[in-house]
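Me: I would like to learn how to read a fold from its coordinates, going from the whole chain down to single residues. Could you take me through one case step by step?

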Amino acid sequence: MTNRTHQVILHVSDKAEDVPRAVAAAETLTQNNSELDVRIIVNGTALNGVTDSAEQVSPGEATTIEACELGMQRRNLPLETLQSNVPTVPSSILAIVEAQLAGAAYVRI
């Protein structure tokens, strides 16, 4: 594994189809800068893009896709419906702010 020293947050909240766009953006970022660790944080209506009824998302080695548990609850989406490679964060806004305070770059997709 490479030594990644910088974190980028890609925030996806509007549309399910924005999740694959974020994965493609993360791939571009990590292919062009080996120091980047990318977190795709999904909330809002975009959560439908990480459920088992959506197209399978496959992030690269330096990328994680994380779903907001609070958003899942608010949309009555059981956590069991998430794709198996999608972990959760308790609150997307908290995860984003904590990452930014630690120096992460933020991009809204």
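Me: What radius of gyration would a compact globule of 109 residues have, and what does the protein chain have?

Reply: Keep in mind throughout that this is a predicted model. With 109 residues, a compact globule would have a radius of gyration near 13 Å, and because the protein chain has 13 Å, the value agrees with that expectation. Along its principal axes the C-alpha trace spans about 40 × 30 × 20 Å, and of the 109 residues, 42% count as buried.

Me: Which pattern does the protein chain follow when it is read along the sequence?

Reply: The protein chain contains three helices and five strands, and along the sequence these elements follow the pattern β-α-β-β-α-β-α-β.

Me: In what order do the five strands form the sheet?

Reply: Strands of a sheet pair through backbone hydrogen bonds, and the pairing may be parallel or antiparallel. Here the five strands form an open sheet with parallel pairing, in the order E4-E3-E2-E1-E5. Strand E4 (88-89) and strand E5 (105-108) stand at the edges, and because each has a single partner strand, one side of each is left without a neighbour in the sheet.

Me: How many bridges join E2 to strand E3, and how many pair E2 with strand E1?

Reply: Strand E1 (residues 6-12) and E2 pair in the parallel sense over seven bridges, while five bridges join E2 to strand E3 (residues 63-68), again in parallel. At the level of residues, Ile-41 in E2 is the bridge partner of His-11, and on the E3 side Ile-41 has Glu-66 as its bridge partner.

Me: Is strand E2 mostly covered or mostly uncovered?

Reply: Strand E2 (residues 36-42) is mostly covered, since six of its seven residues are buried.

Me: Which handedness does the β-α-β unit made by E1, helix H1 and E2 have?

Reply: The handedness of such a unit is read from the path that leads from the first strand over the helix to the second. In this model E1, helix H1 (residues 18-32) and E2 make a right-handed β-α-β unit.

Me: To finish with the surface, which residues make the nonpolar patch?

Reply: Ile-93, Leu-94, Val-97 and Leu-101 make a nonpolar surface patch of about 410 Å². Leu-94, one of these residues, lies in helix H3 (residues 92-101).

Me: Why does Leu-94 count as partly exposed?

Reply: Partly exposed covers the range between under 20% for buried and over 50% for exposed, and Leu-94 counts as partly exposed because its relative accessibility is 46%.

Conventions:
Residues are numbered from 1 along each chain as its sequence is written. This is a predicted model: local features need pLDDT of at least 70, side-chain atom pairs count only at pLDDT 80 or more; totals for chains, interfaces and linings use all residues. Side-chain values use heavy atoms; hydrogens and water are left out. Patches are made of residues with over 30% relative accessible area and no salt bridge: like charges are joined within 9 Å, nonpolar side chains (Val, Leu, Ile, Met, Phe, Trp, Tyr) within 5 Å. Accessible areas come from the Shrake-Rupley method with a 1.4 Å probe; for residues, only the protein chains shown count as cover. A salt bridge is a side-chain nitrogen of Lys or Arg within 4 Å of a carboxyl oxygen of Asp or Glu. Helices (H or I, at least four residues) and strands (E, at least two) are DSSP runs, numbered from the N terminus. Buried means under 20% relative accessible area, exposed over 50%, partly exposed in between (1.4 Å probe, protein chains only). Two strands pair if DSSP finds at least two bridges between them. The radius of gyration is taken over C-alpha atoms; the globule rule is 2.2 Å times the number of residues to the power 0.38.
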